[in-house]
Amino acid sequence: MNYQNILVETHDHVGLIILNRPDVLNALSDDLMDELGDAVDKFEADDSIGALVVTGNDKAFAAGADIKRMKDSGYMDVYMGNFIGRNWERISTCRKPVIAAVAGYALGGGCELAMMCDFIIAADSAQFGQPEIKLGVIPGAGGTQRLTRFVGKSKAMEMCLTGRMMNADEAERSGLVSRIVPADDLLEDAMKTAKKIAALSKPSVMMAKTAVNRAYETTLTEGVRFERTIFQSLFATDDKNEGMTAFIEKRKPDWNHR
């Protein structure tokens with residue numbers, strides 16, 4: 001696929017996807033989301049890639065969906081075309097860890113896209129929000145669901161009903177982002193974090209991601225049971241033997257990802 005709306009780079013064992021519609025603050029269109037899904041597919045199929053970073057620019061991660069392209073759509077257009085469901089959530093099904101590096105606006109679909117990633121590193125300039133109510137609609141890519149799970153009902157309800165934005169400090173206090181870094185250091189920090197993850201055993205990283213995600217889908221008892229099964233299964237891997245042997249021998253592990 002010839003990308004027109006994103007830039008894709010490979011840095012060592014990390015795949016970098018840059019949303020690239022700066023003239024419209026990286027507004028999310030179907031074309032962009034098709035390209036994003038294609039890039040995720042390729043990075044996931046590449047055994048040399050251990051983690052992904054998704055980012056925008058200093059003004060916006062993504063300021064929302066492309067309203068001009070949505071304006072004239074009717075119910076049957078979006079229903080029969082499976083708008084959003086067709087291609088917007090590919091990143092949430094990626095088995096490899098995905099970091100959102102967010103500076104500037106992450107609003108509407110942009111906030112939802114960031115929340116689909118495994119965690120968010122925010123620049124001190126970041127602003128998050130779900131302003132769809134101001135357009136006569138509601139979030140449609142998981143905003144009412146993921147935001148509520150991350151920040152709680154009261155804060156999510158207020159944001160979805162008023163459309164107010166949350167700055168980086170509030171987002172960190174509320175548990176929406178993992179940490180805040182200076183805007184000038186955002187991409188470097190996110191890439192450094194991704195490279196750290198990519199240098200670890202791929203099976204254990206992927207299983208850890210699966211186990212944490214299960215916490216949002218089940219009860220504590222079932223989640224702990226699932227975690228234990230995953231934990232025990234890793235004792236069948238070569239990397240478990242290598243990791244523990246390297247620890248005892250006080251050397252760096254040489255992972256073979258098996």
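User: Hi! What should I keep in mind about the model before we start?

Analyst: It is predicted, so local features need pLDDT of at least 70, side-chain atom pairs count only at pLDDT 80 or more, and totals for chains, interfaces and linings use all residues. Residues are numbered from 1 along each chain as its sequence is written, and side-chain values use heavy atoms, with hydrogens and water left out.

User: Great. In what order do the strands of the six-stranded sheet run?

Analyst: The order is 1-2-3-5-7-10, in an open sheet with mixed pairing. Strands here are DSSP runs of E with at least two residues, helices are runs of H or I with at least four, and both are numbered from the N terminus. Two strands pair if DSSP finds at least two bridges between them.

User: Which strands sit at the edges?

Analyst: Strand 1 (6–11) and strand 10 (179–181), each of which pairs on one side only. From one strand to the next, the twist averages 25 degrees.

User: How many bridges hold strand 1 and strand 2 together, and in which sense do they pair?

Analyst: There are six bridges, and the pairing with strand 2 (residues 14–19) is antiparallel. Valine 8 has isoleucine 17 in strand 2 as its bridge partner, while histidine 11 has valine 14.

User: Let's stay on valine 8. What does it touch?

Analyst: Leaving aside neighbours within four places in sequence, valine 8 is in contact with Tyr3, Leu16, Ala39 and Phe43; contact means heavy atoms within 4.5 Å. Valine 8 lies in strand 1 and is partly exposed, with a relative accessible area of 33%. The cut-offs are under 20% relative accessible area for buried and over 50% for exposed, with partly exposed in between, using a 1.4 Å probe and protein chains only.

User: And which helix lies across strand 1?

Analyst: Helix 1 (residues 30–45), which also lies across strand 2 and strand 3 (51–55) and runs at about 15 degrees to strand 1. For such angles, axes are lines fitted to C-alpha atoms, for helices over the stretch in contact, and the values run from 0 to 180 degrees between N-to-C directions.

User: Where is lysine 250, and what is its phi?

Analyst: Lysine 250 is in the segment after helix 11 (238–248), and its phi is near 55 degrees, again positive. Lysine 250 is exposed, with a relative accessible area of 76%.

User: New topic: is asparagine 26 buried or exposed?

Analyst: Asparagine 26 counts as buried, at 0% relative accessibility. It lies in the loop between strand 2 and helix 1, and the residues it touches include Leu19, Arg21, Gly56, Phe61 and Gly64. A polar atom of the asparagine 26 side chain lies 3.3 Å from the backbone oxygen of phenylalanine 61.

User: Nice. What's the order in the four-stranded sheet?

Analyst: That one is 4-6-8-9, an open sheet with mixed pairing. Its edge strands are strand 4 (60–62) and strand 9 (166–167). Strand 4 and strand 6 (residues 105–107) run parallel, joined by two bridges, and alanine 62 stands opposite alanine 106 in strand 6. Helix 4 (residues 109–116) packs on this sheet, touching strand 4, strand 6 and strand 8 (127–129), and its direction makes about 90 degrees with that of strand 6.

User: Last one: at what angle do helix 9 and helix 10 pack?

Analyst: Helix 9 (residues 202–214) and helix 10 (residues 220–233) pack at about 175 degrees, with axes 10 Å apart. The two helices are therefore roughly antiparallel to each other, a term for angles over 145 degrees.

User: Which residues meet there?

Analyst: Met207, Thr210, Ala211 and Arg214 in helix 9 meet Phe226, Ile230 and Ser233 in helix 10. These contact residues divide into four nonpolar, two polar and one charged. Here Ala, Val, Leu, Ile, Met, Phe, Trp, Tyr, Cys and Pro count as nonpolar, Asp, Glu, Lys and Arg as charged, and the others, Gly among them, as polar.

Conventions:
Angles under 35 degrees count as roughly parallel, over 145 as roughly antiparallel, 65 to 115 as roughly perpendicular and the rest as oblique. A polar contact is a pair of N or O atoms within 3.5 Å; within protein, one must be able to donate a hydrogen and the other to accept it, and residues adjacent in sequence count only if both atoms are side-chain atoms.
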